[in-house]
Amino acid sequence: MTTPQPEIARHQLPFILRREPFGGLLFEPANGTYVEVDEEAYHFLREWLTEDREAKTEEERAFLQQLVASAPSLATERLVYHIPSKKPPALSALANVKVLGAPTVIDLQITERCRMACPHCYMSSSPKGRDLPFDDARRVIEDAAKIGVCQLAIGGGEPLLYPQFAELLYLSRSRGLMPNLTTTGDGLTEKSLSAMAQCCGAVALSLEGIHADFGTRRRKGFAHFEATHLAFREAGIPTVFQITLSAENLPQLPEIVDYCLSCDDLYGVLFLAYKAIGRGENFHRPLSR
């Protein structure tokens with residue numbers, strides 16, 4: 001069954017307000033911001049967001065001013081998913097301790113398939129890799145939404161090769177989860193591009209070197225990477241460069257950083273440590289060496 005596209009414009013992605021043992025947690029999808037509040041602030045915030053209650057005291061007005069400074073889109077938007085979970089009995093003794101009642105983000109590997117054959121792949125992904133059954137993915141998303149998970153980190157393999165990729169993104173958004181993913185851009189279509197533009201908080205492109213150095217790890221060259229980045233930029237998709245560093249490509253770090261700085265549209269840059277496992281067990285050395 002095809003999951004319908006949620007009727008939510010990108011600038012109207014709902015906040016998530018979640019009950020916690022210590023009070024509550026507010027997630028702002030526009031900037032990926034989490035705000036933790038105590039018991040009294042949670043009750044006021046819930047009423048302000050869901051019942052249009054106005055601030056009545058100087059303390060409440062100061063709190064709202066502080067809150068909007070942390071989550072600026074609250075100044076114009078109040079669309080919210082409220083997760084009114086009760087305090088877990090096992091955590092009742094920890095009411096004054098900031099112990100979350102559920103994860104804020106979960107990782108979901110939806111496929112082992114990938115056509116890049118990257119020599120450093122810690123998953124040993126291949127064109128014949130398995131896909132996660134969509135019913136299983138649906139169950140994970142439904143269960144995650146019930147407990148107030150805010151973000152879904154989608155991985156692979158190459159997520160774009162997953163048969164129900166777009167449907168998975170729409171399902172996630174329709175349940176209040178913000179999907180994010182990492183991709184090489186292989187298998188990108190207009191359908192998947194549109195789904196990412198409407199649903200994703202950010203999409204990460206893998207980058208371990210630039211120009212000729214890029215080809216030492218990726219079957220498709222640097223021109224393909226830049227074309228994918230351009231497609232994301234034109235679609236308005238917040239883009240992150242995800243850079244895995246090993247002992248071998250560490251000397252290229254200044255050049256990589258200069259390239260990242262030249263891309264003024266980037267949402268962010270994420271550095272990961274090389275894992276010497278899977279197909280990458282003997283390709284490069286981890287930084288710890």
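A residue counts as exposed here when its relative accessible area is over 50%, and as buried when that figure is under 20%. Keep those cut-offs in mind as we walk through this structure, which is a predicted model.

Let's begin with helix H3, residues 134-146. Which of its residues are buried? They are Phe134, Ala137, Ile141, Ala144 and Ala145. These cover an arc of only 100° around the axis, which puts them on the same side of H3. Turn to the face of H3 directed away from the buried side and you'll find the exposed residues Asp135 and Lys146. As for partners, the buried residues of H3 pack against strand E4 (80-83), E5, E6 and helix H4 (165-174). After H3 comes Gly148, with a positive phi near 90°.

Now slide along to helix H7, residues 253-262. Here Ile256, Tyr259 and Cys260 are buried. Looking down the axis of H7, you'd see these buried residues fall within an arc of 100°, so they line one face of the helix. The face turned away from them carries Pro254, Asp258, Leu261 and Ser262, which are exposed. On the buried side, the packing partners of H7 are helix H6 (222-235), strand E9 (239-245) and strand E10 (268-273).

E9 and E10 turn up again at the largest pocket, where each supplies at least two residues of the lining, as do strands E5 (105-109), E6 (151-155), E7 (178-183) and E8 (203-206). Which element gives the largest share? That's E10, with five residues. The pocket holds about 990 Å³ of space. It is lined by 42 residues, and the closest to its centre are Tyr122, Thr182, Ser206, Gln242 and Leu272. Sorted by class, the lining has 21 nonpolar, 15 polar and six charged residues.

What about enclosed space? Searching the whole structure turns up one cavity of 30 Å³ or more, and the largest cavity has about 50 Å³ of space. Its lining is made up of Met116, Thr183, Thr184, Ser206, Phe214, Arg218, Lys220, His224 and Phe225. By class, that's three nonpolar, four polar and two charged residues.

Note on methods:
Residues are numbered from 1 along each chain as its sequence is written. This is a predicted model: local features need pLDDT of at least 70, side-chain atom pairs count only at pLDDT 80 or more; totals for chains, interfaces and linings use all residues. Side-chain values use heavy atoms; hydrogens and water are left out. Buried means under 20% relative accessible area, exposed over 50%, partly exposed in between (1.4 Å probe, protein chains only). Helices (H or I, at least four residues) and strands (E, at least two) are DSSP runs, numbered from the N terminus. The arc is that of the directions from the helix axis to the C-beta atoms. Contact means heavy atoms within 4.5 Å. On a 1 Å grid over the protein atoms alone, a cavity is a set of points where a 1.4 Å probe fits but cannot get out, and a pocket is an open set with protein on both sides within 12 Å along at least five of seven lines; lining residues have an atom within 4 Å of a point. Grid points are joined across faces, edges and corners, and a volume is the space filled by probe spheres set on the points. Ala, Val, Leu, Ile, Met, Phe, Trp, Tyr, Cys and Pro count as nonpolar, Asp, Glu, Lys and Arg as charged, and the others, Gly among them, as polar. The expected span of a helix is 1.5 Å times one less than its number of residues.
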